[in-house]
Amino acid sequence: LIPRLRKLWEAFRRVHGWLKVCTENHQAYSTSTDGLQPRLPSRLIDFGSKDSDPFLFESEGSRVKHGTWVALSHCWGGKQPLMTEIRTLKDRRAYIPLNTMPPLFKDTVVITRNLGYCYLWIDCLCIIQDSPED
């Protein structure tokens, strides 16, 4: 467990440095001229509190329209073990149990929470995979 925690801490420090460069140097990252943060994507994973499982947040129809989030870009490889489909959408809105997430997703949730972000975008969870409209 200790080597895994050490790697997670190293990843946290690396990502924290990258985000610092972005927030301080990239104009596209900063707030818009009207002072608002970027518009949220239609779906994000919301962490809620540290003691609760994350859930799929939908910004459409919500009072929360702007904010910041972290996106995970990853290689799908073979069959994706966890994704949102039409039949799972209702459950994902209620919660996404951490114990069902693959290690990469769990690590990303831990790092993102510790960076102070509330939202995470992962394509296989935030895009309804069997929806032609999505």
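**Exercise 1.** State into which domains the protein is divided, and describe the interface between them.

*Solution.* Step 1: the division is into domain 1 (1–31) and domain 2 (37–126), with bounds from an automatic or database domain assignment. The model is predicted: local features need pLDDT of at least 70, side-chain atom pairs count only at pLDDT 80 or more, and totals for chains, interfaces and linings use all residues. Residues are numbered from 1 along each chain as its sequence is written, and side-chain values use heavy atoms, without hydrogens and water.

Step 2: taken over C-alpha atoms, the centres of domain 1 and domain 2 are 18 Å apart.

Step 3: nine residues of domain 1 are in contact with nine residues of domain 2 (contact means heavy atoms within 4.5 Å).

Step 4: about 830 Å² is buried between domain 1 and domain 2, 72% of it on carbon and sulfur atoms. Buried area is the accessible area (1.4 Å probe) that two parts lose on being put together, summed over both.

**Exercise 2.** Describe how helices H1 and H3 pack.

*Solution.* Step 1: H1 covers residues 2–25 and H3 residues 103–114 (helices are DSSP runs of H or I, at least four residues, numbered from the N terminus).

Step 2: the angle between H1 and H3 is about 55 degrees, and their axes are 10 Å apart. Axes are lines fitted to C-alpha atoms over the stretch in contact, and angles run from 0 to 180 degrees between N-to-C directions.

Step 3: H1 and H3 are therefore oblique to each other (under 35 degrees is roughly parallel, over 145 roughly antiparallel, 65 to 115 roughly perpendicular, the rest oblique).

Step 4: H1 contributes Arg4, Leu8, Ala11 and Phe12 to the contact, and H3 contributes Pro103, Asp107, Val110, Ile111 and Asn114.

Key
Helix = DSSP H or I, 4+ residues; strand = E, 2+ residues; numbered from the N terminus.
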